[in-house]
Amino acid sequence: MSDTEIDAGLFEEPEGFRPPPPESHFVEYERVSGKTDPTTIKLKLVGKSPLWGHLLWNAGKFTANYLDAHAEELVRGKKVLELGAAAALPSLVCAVNGASKVISSDYPDPELIDHIQYNIDHCEGIPKDTIVKAKGYIWGNDVRALCYDDIEDESALPKEIKEEDKFDLVILSDLVFNHREHLKLLSACRKALKASGTGLVVFSPHRPHLLDEDLKFFETSEQFDFKAEQIACENWTPMFEEDEATAEIRSRVYCFKIHPQW
């Protein structure tokens, strides 16, 4: 027997050695009372993701509810960007509420972006004149490709972003738990948001002992010329069954707006 044959036998994994990756699954979101066309939005989620895109989070549902309830003020006719969109529920709610354009972005993992595109393609009730796109984006990188999404050649992008080409609304739903990324997220918001625009930041404190670190996002936002305003703090059923002593904190859903001051 040759060395090649021996090596192949030693290192070949037996059939079924690795379990298959979890399959995609579907969840349904019921829109706030009185909202129709559609009444529910069906979402396809990745089977498993280290970026947590396989779950529909309380913050995502709260954000969708809030946008539905305040669509006339924040959404209709507006240009919207969602960062870290995962299944893109807030993006889709903006789309069905008649935003002029929605860019739904997440880390450029092909599976994540494919799932966002699937949800866009299969969402009912999006007006024909509303543009909705899925885009890969790494926080902190150049935002010109998001503002000028119709320009495929990066070398053709304008050097500066015109004010009218920026976004009226930037959505960050359940992102501030990633403390190392606060500066990058705020940098993206500062560069992409109109001076007349609004940043909507919603989150739950999944690690209660780090709540103060979560909230530092809003202190840090002042360095980027934002003024933070707390809109709400509600208690929902916690996402995970853990220690009862922290259940009340983990059940919270915080909603803030960050307002440009430039």
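Me: Which helix gives the most to the lining of the second largest pocket?
Reply: In this predicted model, strand S5 (131–136) and helix H6 (144–147) each supply at least two residues of that lining. With three residues, the element that gives the most is H6.

Me: How many charged residues does the lining of the second largest pocket have, and how much space lies in this pocket?
Reply: As for the space that lies in the second largest pocket, the computed value is about 210 Å³.

Me: Which helix supplies the largest share of the lining of the largest cavity?
Reply: The count comes to one cavity of 30 Å³ or more, and about 30 Å³ of space lies in the largest cavity. Ten residues line the largest cavity, and Lys-44, Val-46, Ala-86, Ala-87 and His-115 lie nearest its centre. Strand S2 (40–45) and helix H5 (110–121) each supply at least two residues of this lining, while the largest share, four residues, comes from H5.

Me: Which residue of S4 is the bridge partner of Glu-82?
Reply: Five of the five residues of strand S3 (residues 79–83) are buried, and both faces are covered, with Lys-79, Leu-81 and Leu-83 on one side and Val-80 and Glu-82 on the other. S3 pairs with strand S4 (residues 101–106) in the parallel sense over four bridges. Within S4, the bridge partner of Glu-82 is Ser-104.

Me: Why does Ser-251 count as buried?
Reply: Ser-251 lies in the loop between helix H9 (247–250) and strand S9 (252–260), and, leaving aside its neighbours within four places in sequence, Ser-251 is in contact with Glu-234, Asn-235, Trp-236 and Pro-238. Buried means under 20% relative accessible area, and Ser-251 counts as buried because its relative accessible area is 6%.

Me: Which residues of helix H8 are buried?
Reply: The buried residues of helix H8 (residues 211–220) pack against strand S6 (167–173), helix H7 (182–192), strand S7 (193–203), strand S8 (226–235), H9 and S9. These buried residues are Leu-211, Asp-214, Phe-217, Phe-218 and Thr-220.

Me: What percentage of the contacts with a separation of 6 or more is accounted for by residues 24 or more positions apart?
Reply: The protein chain has nine helices and nine strands, and of its 262 residues 47% count as buried. Among contacts in the protein chain with a separation of 6 or more, the part accounted for by residues 24 or more positions apart is 67%.

Notes:
Residues are numbered from 1 along each chain as its sequence is written. This is a predicted model: local features need pLDDT of at least 70, side-chain atom pairs count only at pLDDT 80 or more; totals for chains, interfaces and linings use all residues. Side-chain values use heavy atoms; hydrogens and water are left out. On a 1 Å grid over the protein atoms alone, a cavity is a set of points where a 1.4 Å probe fits but cannot get out, and a pocket is an open set with protein on both sides within 12 Å along at least five of seven lines; lining residues have an atom within 4 Å of a point. Grid points are joined across faces, edges and corners, and a volume is the space filled by probe spheres set on the points. Buried means under 20% relative accessible area, exposed over 50%, partly exposed in between (1.4 Å probe, protein chains only). Contact means heavy atoms within 4.5 Å. Two strands pair if DSSP finds at least two bridges between them.
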